[in-house]
Amino acid sequence: MRAKVEAELASQTLTEHVNGADMLMKALKEEKVEILFGYPGGAVLPIYDALYKAPIKHVLARHEQGAIHAAEGYARVSGRPGVVIATSGPGATNLVTGIADAMMDSLPLVIFTGQVASGVIGTDAFQEADVVGITMPITKHNYQVRDIKDLPRIVKEAFHIASTGRPGPVLVDIPKDLTLQQAYPVHDVEMDLPGYQPNFYPNPLQIKKLVEAIKVSRQPVILAGAGVLHGKATEELKTFAEQYDIPVIHTLLGLGGFPADHPLFLGMAGMHGCYASNMALHECDLLINIGARFDDRLTGNLATFAPRAKVVHIDIDPAEIGKNVKTQIPIVADAKQALEKLLQHGEEKPDFDAWHHHLKSYKREYPFWYNQAHDVLSPQRLIEQVYEMTNGEAVVTTDVGQHQMWAAQYYSFKKPNNWVTSGGLGTMGFGFPAAIGAQLANPDSTVVAFVGDGGFQMTLQELVLLKELNLPVKVVLLNNGTLGMVRQWQETFFEKRYSQSVFNTQPDFVKLAESYGIKGYQVKTQEEVDSVLKEALTSDEPVLIDCWVNPKENVYPMVAPGKGLHEMLGVKP
Amino acid sequence: MRKRIVTALVHNRSGVLNRVTGLFTKRQFNIESISVGYTEVEGISRMTFVVNVEDDGKIEQLLKQLHKQIDVLKVSDITDQGVVARELALIKVLSTGQTRSEINGIVEPFRAAIIDVARDSVTVQVTGETSKIEAIIDLLRPYGIKEIARTGITAFARGNGKSVTDLKQYSIVN
């Protein structure tokens, strides 16, 4: 590899002035990067100088955290890696939350951070931070470029690692002096990754075992996670469920992988999942997990999780299998490959009618419910109305907390890749910048950002991008003047001691929107909602709707911490 | 708690030790010893860990998490295989003229060696399995041990083990 580079260098003359930063731009072009999310600074000045001449669109966020969450939204909706640039030291450390978030939710990101010049690394130089060290446990892999000739290979590897197997964030740290070094573009670089070979294809014997297990099962259920979306296996999932007539449950992050209006769809499971799904997990005799990682918010108390079930786990990451739940039939594979192989079996349709009948009675008997009031806005009804008005076809992003759970409960997704939420890390401040990335990835879709007044205030400076880039994002602010989920837990588990969960002073969100050049609405009563939503959602401009929702509303039903999925609270009004 | 010996072949790149030990910290694995050194292939090092685990699930998780690291080429739990496992210890023992020959009498059957002599101490070098090293330390303790330095175990499977030369045989699933 090195010899090839040297040969190429030797064969070229110094006609073209190209430096390391130009090499980076060229490498990004080879990866077909169309958009960068970033923020300039001292250590990346040469990179931004190269960008000045390069035809790659750059979104200038107002905080690095905004840039990386936007890149996550872009990645989630487009299925392509989100690319981020930040400077050394504080620029890079401001990315940490987004990197950890992408790691938890398996989002492909490639992050370039500037670093102080090679000669001063380790001297506590101005804006120096050990970014490779800091991000080691929260990246799928990271690099520090030591020789500019390695850059093309590293960039190629970074994109490959980020977007294959179980996707994740890859960080490349580049010392400033390298980006200024005289260099030459290198073509057709080869990757050097003998230790990275994701297992794509399932073991046929394991597939056969699963087919046999379905044959002897009477109460099977499919638990579909985000792996189905990452693996682009939604069609295969639908065919599989139909062919074997098995009900489908989603995790929070899996929503949209299976059409919510399909008769085989039960609903989301977990802490705030629906009763029917949680009971199905509790009572099933065969649990087929496709691309979910048995997160604690999904399983509840592991000791009582799926007590009767034979567990099948299909996952591209072998480390997830058996990590939390004992698995009888492990299948290490890409979801699409595994499902395709399964579909080659499927002889006669099994008879699960009694099981379907049983689950349908749960569904009928224990639907999601909420309090209807006239004098105060119901947050659940509001989300339901947005769902109705957008035909369930909008791209929806959320922050974290009550509104996130209500959005998951009341916005029913018919299509994949329309749901962008921070599941694993639970990052407040995620939803709004993620909507910017989602809109950039999908300019023709209606993008709705459901945010709470807590999380929104963490990253609302990115409002300026809606105006600047003319992005018609609809920000639906569920404003309850409190940190709703914290308040709910304090009410339930801390005897109503509302410690620091109530905002006593709030900005005027309408004026705030207006100062950023965006139309702002305020809604306080049920009567106003219809007309405002209609106007706002059909507008082709960005809007912010400040909805004063009932601050006393709680998310139900609920599995209390330490309890099993069958021990839900608040299943009925 | 059960003691397991795990070896990993890794790319000898900067940060790889940090990557691996960071992983152990993150997943709460308890490392008893760790040793790293070159192999016969340029650019590839062997790490040998001795870890204490509660159950088989935990060791399986550790192996899988190590496999996931991109700089890790191959991981094996060799505890239950026929292994060659050795550790080296340097032990500085107080000694006067009178006790020196007594100490010699201990060193010889252990095939250890005195590699440094000072006015009031001798330094013993011993190589072997952990139990042998523990045994000689026990015997030397009555004379007064000033300092001990141990390398931790390095190990691999006995005899017909695969050579590391052919990189193609390493896969994160096998």
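I began with a definition: helices here are DSSP runs of H or I with at least four residues, numbered from the N terminus. I also reminded myself that this is a predicted model.

**Entry: the end of a helix.** With that definition in hand, I went to α22 of chain A, which covers residues 484–493.

**Entry: the buried side of α22.** Which residues of this helix are buried? I noted A:Gly484, A:Met485, A:Arg487 and A:Gln488. Looking down the axis of α22(A), I saw that these buried residues fall within an arc of 160 degrees, so they line one face of the helix. Next I asked what covers the buried residues of α22(A). The cover includes α18 (402–410) and β15 (447–452), both from chain A.

**Entry: the domains of chain A.** I then stepped back to the domain assignment, which gives domain 1 as 2–180, domain 2 as 204–365 and domain 3 as 379–548. How far apart are the C-alpha centres of domain 2 and domain 3 of chain A? I read 31 Å. Where these two domains of chain A touch, domain 2 brings 13 residues and domain 3 brings 14 residues. I sorted the domain 2 side by class and got seven nonpolar, four polar and two charged residues.

**Entry: chain A meets chain B.** Last, I turned to the neighbouring chain. I found 17 residues of chain A in contact with 21 residues of chain B. On the chain A side, I wrote down ten nonpolar residues, six polar and one charged.

Definitions and conventions:
Residues numbered from 1 in each chain as written. Chains lettered and ligands numbered in written order. Predicted model: local features only at pLDDT ≥ 70, side-chain atom pairs only at ≥ 80, totals over all residues. Buried ≥ 20, exposed ≤ 12 C-beta atoms within 10 Å, placed from the backbone. Helix = DSSP H or I, 4+ residues; strand = E, 2+ residues; numbered from the N terminus. Arc of directions from axis to C-beta. Contact = placed C-beta atoms within 7 Å. Nonpolar A, V, L, I, M, F, W, Y, C, P; charged D, E, K, R; others polar. Domains from an automatic or database assignment.
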